[in-house]
Amino acid sequence: MTRILIAPDSFKGTYTAVEVADAIATGVESAGHTAIRMPVADGGEGTLDALAGPLGLARIEVEAVNPWRAPCRGLLGMSPDGTAVVELATASGITTPHDGPRDAVTADTYGTGMVMAEAARRGARHIVVAAGGSATTDGGAGAIAAIDERGGLGDTRVTVLSDVTTRYTDAARIFGPQKGADAAAVALLTRRLEETALTLPRDPREVDGTGAAGGFSGGMWSRFGAELRSGADFVLDAVGFDDAVRTADLVVVGEGRLDGQSRAGKIVSVILARCGDVPVVAVVGSVGDDLGDYRERFEDVVVASDAEALTRAGRALRA
């Protein structure tokens, strides 16, 4: 019987990684094959869901504020061994609800700091922050203020997950426009990051990855000694991907759009690097015109943009 390892990311704004994996697995199983469901994430939205099962996370709602300090729901996952997982995008994200203007300059990470401080108060010994999807470019200043106002983190370790290598003071230039910053705002935010860097215990400006989430990762690295890790690698290690792929006849990856950017540190490229000789099929919502020769890395590329199509794609798989 063919063993098919199904390891998709979410189709952002459409289906969660769990939903994608379930839909494909339904087709695989209806064809008489064995489906191994392993939804994944790259350190952004969906990371808590991907880690919930493997780490035994209990979901806890806490008080927080959104990037413009309006009250909102905060969420953390807590494991029995004291690992807390926080998605920055929940309280400080580009899609976090807000009734007023979504100003890129005033947006900050105070709400995420509130959630981290609450995790430490509840006994977390290790806080893992998935840093993707932020609305902020505050260099982590808001989160640092919230944590310090609540007594700090004690000896709790911090790990920040991201899939970018951008440095601290480049964050506004690289990511500001997609958060609503015009040229003048980008210049202002860049100056503010330069100024903030000078106030931190360690200078983050020459360290790769410190620009993730508008410099949040750099603020955590400097103030709390955070480890900066590839979100994709962290998640794949946590879910036991390497062990699972050894017994698989075929691996299925998936994301909302497969394009030229997919090869640059995204979860799909990281999975490809770990699969060895096991063939990999990509089941995706759409394919970019710039995919080029990257398509040759896959046994097949199948476009499936709804649940029924995902199931059909699973049914058609052959090792």
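Axes are lines fitted to C-alpha atoms, for helices over the stretch in contact, and angles run from 0 to 180 degrees between N-to-C directions. The model is predicted: local features need pLDDT of at least 70, side-chain atom pairs count only at pLDDT 80 or more, and totals for chains, interfaces and linings use all residues. Residues are numbered from 1 along each chain as its sequence is written, and side-chain values use heavy atoms, with hydrogens and water left out.

**View A. Packing of helices α9 and α11.** The two helices pack at an angle of about 55 degrees, and their axes are 9 Å apart. That makes α9 oblique to α11; angles under 35 degrees count as roughly parallel, over 145 as roughly antiparallel, 65 to 115 as roughly perpendicular and the rest as oblique. Ala232, Asp233, Leu236 and Asp237 of α9 make the contact with Ile267, Val270, Ile271 and Arg274 of α11. Contact means heavy atoms within 4.5 Å. Helices (H or I, at least four residues) and strands (E, at least two) are DSSP runs, numbered from the N terminus.

**View B. Salt bridge between Asp237 and Arg274.** The closest N and O atoms of Asp237 and Arg274 are 3.0 Å apart. The pair links distant parts of the chain, with Asp237 in helix α9 (residues 231–239) and Arg274 in helix α11 (residues 267–274), 37 residues apart. A salt bridge is a side-chain nitrogen of Lys or Arg within 4 Å of a carboxyl oxygen of Asp or Glu. Asp237 has 41% relative accessibility and counts as partly exposed; buried means under 20% relative accessible area, exposed over 50%, and partly exposed in between (1.4 Å probe, protein chains only). Asp237 and Arg274 also belong to a network of salt bridges with Arg229, Asp233 and Asp242.

**View C. Salt bridge between Arg59 and Asp49.** The structure holds 21 salt bridges, and one of them joins the side chains of Arg59 and Asp49 at 2.6 Å, N to O. Arg59 lies in strand β3 (residues 58–65) and Asp49 in helix α2 (residues 47–55), so the pair ties together parts that are ten residues apart in sequence. Arg59 is partly exposed at 47% relative accessibility, and Asp49 is partly exposed at 33%.

View D. The side chains of Arg121 and Glu118 meet at 2.7 Å, N to O. The two residues are three apart in helix α4 (residues 110–121), and about one helical turn separates them. Arg121 is exposed, with a relative accessible area of 60%, whereas Glu118 is buried, with 18%.

View E. The open sheet has the order β3-β4-β5-β6-β7-β8, with mixed pairing. Its edge strands are β3 and β8 (227–230), each of which pairs on one side only. Two strands pair if DSSP finds at least two bridges between them. Strands β5 (residues 83–87) and β6 (residues 126–130) pair in the parallel sense over five bridges, and Val86 has Val129 as its bridge partner in β6. Helix α4 packs on the sheet, touching β3, β4 (71–78), β5, β6 and β7 (157–162), and its direction makes about 135 degrees with that of β3. Helix α8 (residues 212–224) lies across β6, β7 and β8 and runs at about 155 degrees to β7.

**View F. Leu250 and Ile6.** Leu250 lies in strand β9 (residues 250–254) and counts as buried at 0% relative accessibility. Leu250 and Ile6 are 244 residues apart in sequence and 8.6 Å apart in space, C-alpha to C-alpha.
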